Amino acid sequence: MTDLAARLDRLRGDAPARNHDARTIAALTTNPGCGRRGLMDAAGIDKDAVARYLGFPAPFGQSQFAIARGNAFEKQVKDDGFAELFTLLRERLGLPVPQVAIESLDEVGGNHGSELRHAQTRRALARALAGDGSTLFDHPLLRLDIAGQPAYLEPDVLAFRLGDKFYVIEIKSFAIIDGQADPEQVAAAARQSAVYVLALRRLLTQLGHPATAVSHEVILVCPENFSNQPAAAFVDVRKQLSVIERQLSRISRIDDLVAALPEEMTFELGDGLASAIRAVEARYAPDCVSSCELAFFCRDEARACGSTDLLGIAVRDDVGGVETLATALGLADGSLAPSPEQVEIAAKLRLARLLRAQALEGVA
Amino acid sequence: MSTLTALARIEAARTGSAQPLATVRHCHLGEQPLVLIPLKLSGEAAAPLAAMVGTARKDPALLVVAQPRNRDLRFGFAAELAALVLSYVESRQAGTETVPTKDGEGRQRYSDAPQVLVPNPGGITFLRLLGRSTRFRRIDGPYPVEASVPLLGRWLTWLCDRAEQPGSSVLMPMTSMLAGHWATGQSTFEDANLGALLGWLDPPEGMTGPQAALRAEDPLLCPPAGPTTDPGFDNEELAPLLAAYDRAPADQARMAATDRLRRALRRQLEPTWELMWRSIELLRALPEGAHVTGRWEGDRESFTHFAEGVPEGFPQAKRDSAVAAARRLIRLERAQDELDVQRALDDPLVMAEHRLTGEAFAGIVVAAQPDRLDTTGKTPKLRPYLQVRTSDPLRVADGDTVHNAGRKGQKALVVDVNAGTVLLELSSGMGRKRVAEPGSVPEVGDRVCFTTFAADFHRSPVLPPLEQTPWTHGGPPEAYVPGDDEAVAYPPTAADALEVWE
Ligand code: SF4
């Protein structure tokens, strides 16, 4: 175990490491500049438990209806030996789909252990790479190491050798209506699939094959219009791939962050937790609320210190990056003398304040 | 956003109460808007779960789908909603006015139009999908539906299409309406929650804006404004209630189960219903902007036109052709420009944004020569001089044309700019004689405001020839069929009727 890994373990204390999944890895890219989150994720800390302990539970819940719908649709696509999926690949995407074997990697002799299942996936892929047949792997288990911690990832389907490419196939239950789907949901699916592509590419490299054999296009299967009929589309995830790779390399370079912390510090649930967390710098942004479990805690902190971060990046940019509400208002009413780099924005704020006052006076 | 809006938000955050962003109301708000709050079943594209609808605060109608996965019940809901929406639309057709036409005959235009208010943009997305999923339904053949259902689909589609036009008031999300008129001390992200937004604007007795907003984020105290329901409600209340309905052995038990479901959904919807009407009150308290009537006239025009075609017409196309899409985009961009200018002219607080950037300046007339004549040409022309002192940042230069914000159609030439004073030569908007009409030339001591943008939008749209449709607008169409305008109409196919909407 490296020094860093040992130190991260100590930060986590006795709590079990929380494994990443594709969703949490993808979420890492939404606020990559935040050291607090980078550190806690690297140490495998259960941020959800932390937030709850601190009295700021995360607002993430999943409706059982959404889950049931997702499962039912996936089952439908895979029923009868993937019949619907084959039709889609052939007819909608024009992929050559020869005789295809289906290999379920769901469990290994009744064993669900992650490492075992991953080893099984590895062997199965190696076999497929050596042969020349085509195989669809159902629920394989890939692995990606995040700062020394393994994260196990479970794509819906991996398609080996359609044409001469390998594809990640994701089955989602949001609808494609008249050729268009909700852009936010497509983006989320693309981010998640990009994590699978990355993990698969790394595995292929380990097995001595070129990473590029895995297509940067993933196949998204969704219900079409208002029916249960599946439709399929290619989604290019190159952009998401590079963002995620960059973020992952940054996570493993958190040595500096760790070095700056007091030796005895820990994020274990307990009295010192809040102050330990505050000791690591955060970069709160309003959309943390949709991507990070600690959002309400960090928002509260940003409020307490009157940070302009609260109002979002657009507002902060409009006031020339001024950090606190008090400074912005002080510069606007002239009670605060601007520093040399604030001269320009101070003049603008003073004028803005004057113009607002004039316009409102006319009405009052 | 602008520095001005940013400052208003910062002030709001600092003081704990919302700050005005407008001094007048920039949208039409009729006597009888139809408030509509839709809820859908999580995980489905457009499976309705419930809706609260009505034109009177005291008398909301509650529509519920007892089992959203049941096709017949869903179309039953669509028929109930259709009855309400269609009778509302009809009630807007009670009065007409005569619009003069070239041939002197005149034509009729409805003096009112529907105005549907939903809590947030998600509400519009849902109505669009509901419109899409109902307008192609067939009233005969397999899976027939009531005749009102496809008609509802077409009206919803019209409303949603029209809602994309900047400045239109036929279908609006309340969060956007409020956020356009007031700045809160939270981010736009949080403003998307109607309860939190209104918490800042109108906190309950004894609470500050941020306290009220925080309270509104608790789904137990303030259920989400839809269309997606709170996952906690789904798992703990809705799921058992739907299961009980499914298990109910006989009609009587089923009715009891439906009753319980209705009560639960009413509890989810009622708080938002109150928020909607409270929001309407707040907006009503603002005086209407001067150009609002003109924009509403555009809405009435569109309403009249669509209503005329609806009885015989086919449902709107699933997707615009490339050409129609390009034209539509140009029309929307123009409407946006027009709206921006009109808002500035109607509202000093909006104009302040343009003054801050130098696109407009306001000041006091310090000297004037109202009867100055330009005698350099064949006939002398009336060209009064005005000297305006201003403290606004000036971005105009000699030779620029500016427009008097206080007098439509009055233009002036910038003759000289010098340390906070601008010398202007007025060239129009003073009548046709050699002496200015009384009151048409600003006097010494008057407050004036001039803009670099014009108020009139009489110029005809600049449309590129179709074959030069830029790629940003979809590129040139492959085959253009003359008369193939806007939505391509075509009859529903058998496949449309078979879409099982599940
Ligand atoms: S919520 Fe806090 S810890 Fe999480 S990303 Fe935002 S600032 Fe960082």
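The questions and answers below go through the contact between two chains and some of the residues within them.

This is a predicted model, in which local features need pLDDT of at least 70 and side-chain atom pairs count only at pLDDT 80 or more, while totals for chains, interfaces and linings use all residues. Residues are numbered from 1 along each chain as its sequence is written, chains are lettered from A and ligands numbered from 1 in the order in which they are written, and side-chain values use heavy atoms, with hydrogens and water left out.

Q: How many residues of chain A and of chain B are in contact, and what area do the two chains bury between them?
A: Contact here means heavy atoms within 4.5 Å, and by that rule 50 residues of chain A meet 54 residues of chain B. The buried area is the accessible area (1.4 Å probe) that two parts lose on being put together, summed over both. Of this area, 67% lies on carbon and sulfur atoms, and the total comes to about 4400 Å².

Q: Which helix supplies the largest share of the side of chain A that touches chain B?
A: Twelve residue pairs are in polar contact between chain A and chain B, both residues being at pLDDT 80 or more; a polar contact is a pair of N or O atoms within 3.5 Å, where within protein one must be able to donate a hydrogen and the other to accept it, and residues adjacent in sequence count only if both atoms are side-chain atoms. Helices (H or I, at least four residues) and strands (E, at least two) are DSSP runs, numbered from the N terminus, and α5 (64-92), α11 (295-304), α12 (313-318), α13 (325-333) and α14 (343-363) of chain A each give at least two residues to the side that touches chain B. The largest share, twelve residues, comes from α14(A).

Q: Which residue of chain A forms a salt bridge with B:Glu190?
A: A salt bridge is a side-chain nitrogen of Lys or Arg within 4 Å of a carboxyl oxygen of Asp or Glu, and four of them cross the interface of chain A and chain B. In the one that involves B:Glu190, the closest N and O atoms are 2.7 Å apart, and the partner is A:Arg299.

Q: Is A:Asp178 buried or exposed, and which side chain of chain B does its side chain meet in a polar contact?
A: A:Asp178 is found in the loop between β6 (165-171) and α7 (183-206) of chain A. Buried means under 20% relative accessible area, exposed over 50%, and partly exposed in between (1.4 Å probe, protein chains only); A:Asp178 counts as buried because its relative accessibility is 13%. Beyond its neighbours within four places in sequence, A:Asp178 is in contact with A:Asn225, B:Arg132, B:Lys318 and B:Arg319. The polar contact, at 2.6 Å, is with the side chain of B:Arg132.

Q: Which residue of chain B does A:Thr308 touch?
A: A:Thr308 sits in the loop between α11 and α12 of chain A, and with a relative accessible area of 0% A:Thr308 is buried. Leaving out residues up to four places away in sequence, A:Thr308 touches A:Arg316, A:Val322, A:Glu323, A:Thr324 and A:Leu325, and also B:Ile10.

Q: How far apart in sequence are the parts that A:Lys47 and A:Glu293 tie together?
A: A:Lys47 and A:Glu293 form a salt bridge whose closest N and O atoms are 3.4 Å apart. A:Lys47 lies in helix α4 (residues 47-53) of chain A, and A:Glu293 in the loop between α10 (273-278) and α11 of chain A, so the pair ties together parts that are apart in sequence by 246 residues.

Q: Which residue caps the N-terminal end of α13(B)?
A: Helix α13 (residues 348-357) of chain B is mostly covered, with seven of its ten residues buried, and just after this helix B:Gly358 takes a positive phi of about 85 degrees. At the N-terminal end, a side-chain oxygen of the capping residue lies 2.9 Å from the backbone nitrogen of B:Leu349, and that residue is B:Asp347.
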